[in-house]
Amino acid sequence: MKNLSSKRKSINWLKIFSNTFFVYLYAPIAVLIIYSFNDNRIAQVWTAFSTKWYLKAFNNEDIQRAIINSLKVAGVATIVATLFATMAALVLSSKRFRGHGISNAIISLPLLVPEIATAVATLSFFAAIEFPLGLTSIIIAHIVFCIPFAFMPIRARLSGMDQTLQEAGRDLYANEWQVFWHVTFPLLKPGILAGAILSFIISIDDFIISLMVAGAGATTLPLYIYSMIRLGVSPEINAVSTVLFCISVTAIIAYWLVSKQNEEKVHVH
Amino acid sequence: MNDINAISVKNVEKIYGGGKQAVTALKDIHLEIRDREFFTLLGPSGCGKTTLLRLIAGFEQPNQGEILLFGDHLEGLEPYQRPVNTVFQSYSLFPHMTIAENISFGLKMQGKMQKEISSTVAEMLELVKMAEYGERMPNQLSGGQQQRIALARALAPRPKVLLLDEPLSALDLKLRQAMRHELKRLQRDTGITFVFVTHDQEEAMSMSDRIAVMSQGSIQQLDAPETIYERPCNEFVANFIGDVNLIDASVSEFQPGKLVCQWAGSQVVAANTATTADLSSENRVRLAVRPEKLRLVTKDQGQTNAQVTESMYMGTDRYITVTCDHGENLEVRVQNSDVSGEVIQEGDTVGVFIPELSAVALTDQQSGLS
Amino acid sequence: MGLGPAILTIFAFMVIPIFILGVFSFMPADPYGGVDKGFSYEAWVQLFFERDLDDSLIFDPVYLQIIFRSIVLAVLATITTLAVGFPVAWYIVQQPAKKRELLLFLVTIPFWTNLLIRAYAWILILGKNGMIEKPLYGLGIIDESLELMYGNLAIGLGLVYSYIPLMILPIYASLEKLDFGLIEAAHDLYAKRYSVIRKIVIPLCLPGIIAGCILVFVLSLGDFISPSILGGGKKMMLSNLIQFQFSSARNWPFGGALTMLLLIMVGIGSFFYIRVLGKREEIK
């Protein structure tokens, strides 16, 4: 009896600790969002609810341009990285071959190299080949680090896939291409979608690499936010940050839903 | 038609890997499967039975030898070019297609007309008694139902031979027993040759016209189920199918189909399918006797006397273990059909009697297969 | 063939650039940015020494101090995230399936949101007139700023906040695989709660703990945002120093040398990480 009660007490303690942790995890974000609706010009002094900073931000042509640039970069990088990652995953999951391990290692390399190193290395490379800095250079850099993020869910989906499904297709008179089109691809689609969403999130949020390889006029949203932060706290930053935060959260919820669906569909039995 | 074999496997060898890691999965396989036959490849896991099935289906290529389908060479033909279909162990129904789409897949790939496809799908659903399930998704079906759909899907393109890779292994016992009848009926109704792979001897015995017992990449015996059980050719087959007592005896006389042996100082007449050359020079022979063929008789009435060491009541039978006077242990099975109430007790002394031709002489004591 | 585009892209725009950067570190700096032709190990010398007016080398620990601070901060961040992350992971794994999924998702969300914004949000809390100081002013407890921002404390807090999901997730993953029957068995064999955690839980989820520690350490070591936003650029870490060389200082070779140093340290960390993962696979 004594043992039981002491057990219950310590679980409560753990619960308090964990709940405090979740407050810690979300408090700053909550503060940011709340203050983005603050009417007062001085960010930390609350006066009244207002959406004026959102209106102001959206009427700011620089912010508009930054958002468009971000979407352009994330859009192109996502499409290219997802395509490349899908192709690579199909090859790497089909059978083992010489160079299998090294190929896997190269694809996951961008996950291991610190962003600052990628950033300055890419900058040096573009300088060495005299490639002009601008949106194109950002897009190229983004494709590189988006590939492993797109690759992971696609690869996971493929390895969770029953290999005999492809054999069943071939057995039922479908040639290689028909098997891909009627069996593999439809089953892979949720994985590809998940990979694309991850790529998009990673690209839209990227800051350091964009900072180093962006030329004049190629400001993305995080770069713009950074330049604003350097000038000090302002309600406008809160508004723009909240928008960017919401984009990421929407995307991650979409990813979560897609991958949940993934799990359900893979397991037939 | 009947004089051409559905499948002829000639001299087939399959080796996985290369160099030092090479594993021989099949060695020098010869096999003829007749048209409209329910043929079973039976053996423990790793014996090569599934490999042989995959070679026929075309998922893998033999390193040597050839496989003929109704006299036609299959070499170089992709799985989708071979008029054989497979029922997979895990069913492998396409999870993103409805049941009807699953069944029509093969027909669509063959380029059949839509009208023909719909009528065949309906016919197949009828055949496996799942007519109302066409629009369901595979994950909405139970294991047994998925099994039927897998059968329907493989039968829909009317293959010349249907290959079944342990299709019942994922089902529970009751369902498995029901599906045996179902498979037998399907085979009769469609008239298609079935090649069935299993490790379950009961499944093999109950359904097959003929069984090939495989072990370590080669065929140990190929015969009708009765022959396999009654006249196993070697220790492996005798052990793998049913329970068996193996006893050592010495040969005293050869007769056509018979072997007169000496065992425990008495005479045993065993069935013999081998020639003298197959038997060892010292005239030693190993005999296989099924537990239900052994008789327990009154003391001194059998070939030897023995003491009952264990008596286990199993419902229809009683499993009895006896220790012979010369030390050998034997398993005996006695049917509980006797109503007199006389029961053999542990500690009783009884006579052991091996009736004529109930023991079989095995030919492979030296082959090391056991 | 299908592998080509992905491999070539990463090879051309990541492997080769890192190699070029390594080459740059052995070339003379061009004062207008970039590098000059020729060979020079000046950048590597600069890590330890300063050149006096008469060209003699004087030991100068200023850069080593920054590197050392980076390592210390990364280690402290790792220890803190472990101390906080383990109990949280332990708590999550004991919840019913539905709640577990939700909590796990809540841990993941911040990881996928912008680090910049998350660091910025802390300014609102820690900064002058922020959420912490203002009530203290109001209550008259303080009458001048606590200067919570722009120091090692703020940077460390930022690192912990940024990377704690990466500590919790691998620990959770290994705790989830833990056979809870073992815990019951230990209780059955008279082990108290604390000894169960120490003798059963921690040893069995050690791979997760190690993986989490290496991830947090490696990422903290290369972190740029926390020091530059929360440290206000005054307290530099390695990343800021590197970025500085490629922007205002225009000393690319020195930046290259610093990057190589960072890559070596991260490479060692990654090597152990992969080994731990490899071990985990084996156990499976």
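B:E13 stands opposite B:Q64, the latter in strand 4 of chain B, strands being DSSP runs of E of at least two residues and helices DSSP runs of H or I of at least four residues, both numbered from the N terminus. The structure is a predicted model, in which local features need a pLDDT of at least 70 and side-chain atom pairs count only at pLDDT 80 or more, while totals for chains, interfaces and linings use all residues. Residues are numbered from 1 along each chain as its sequence is written, and chains are lettered from A and ligands numbered from 1 in the order in which they are written.

Strand 1 (residues 7-16) and strand 4 (residues 64-69) of chain B run antiparallel and are joined by five bridges, where two strands are taken to pair if DSSP finds at least two bridges between them. An open sheet of four strands in chain B has the order 2-1-4-5, with antiparallel pairing; strand 2 (23-33) and strand 5 (72-73) of chain B are its edge strands, each pairing on one side only.

In total, the secondary structure of chain B comprises eight helices and 20 strands, and the C-alpha trace of chain B spans about 75 × 50 × 40 Å along its principal axes. The domain assignment, whose bounds come from an automatic or database source, divides chain B into domain 1 (7-230), domain 2 (244-290 + 355-370) and domain 3 (294-353). The C-alpha centres of domain 1 and domain 2 of chain B are 38 Å apart.

The average pLDDT of chain B, on the predictor's scale of confidence in each residue from 0 to 100, is 87, and 94% of the residues score at least 70. Over residues 365-370 of chain B, however, pLDDT stays under 50, and the model has 11 contacts beyond four places in sequence for these residues, a contact requiring that the C-beta atoms of two residues, placed from the backbone, lie within 7 Å.

Of the 370 residues of chain B, 40% count as buried, that is, with 20 or more other C-beta atoms, placed from the backbone, within 10 Å of their own. Among contacts in chain B between residues at least 6 apart in sequence, 67% join residues at least 24 apart. When residues up to four places away in sequence are not counted, B:L287 touches B:I247, B:A249, B:C261, B:V268, B:A270, B:A359, B:V360 and B:A361.

Two pairs of chains touch, and the most contacts are between chains A and C, whereas chain B and chain C do not touch, their nearest C-alpha atoms being 21 Å apart. Between chains A and C, 66 residues of chain A are in contact with 60 residues of chain C. Helix 1 of chain C gives the largest share of the side of chain C that touches chain A, 14 residues. This side of chain C divides into 42 nonpolar, 15 polar and three charged residues, with Ala, Val, Leu, Ile, Met, Phe, Trp, Tyr, Cys and Pro counted as nonpolar, Asp, Glu, Lys and Arg as charged, and the others, Gly among them, as polar.

The contact between chains A and B takes 18 residues from chain A and 22 residues from chain B. Strand 6 (84-87) and helix 2 (99-109) of chain B are the elements that give two or more residues to the side of chain B that touches chain A, and helix 2 of chain B provides the largest share, three residues.

Notes:
Buried ≥ 20, exposed ≤ 12 C-beta atoms within 10 Å, placed from the backbone.
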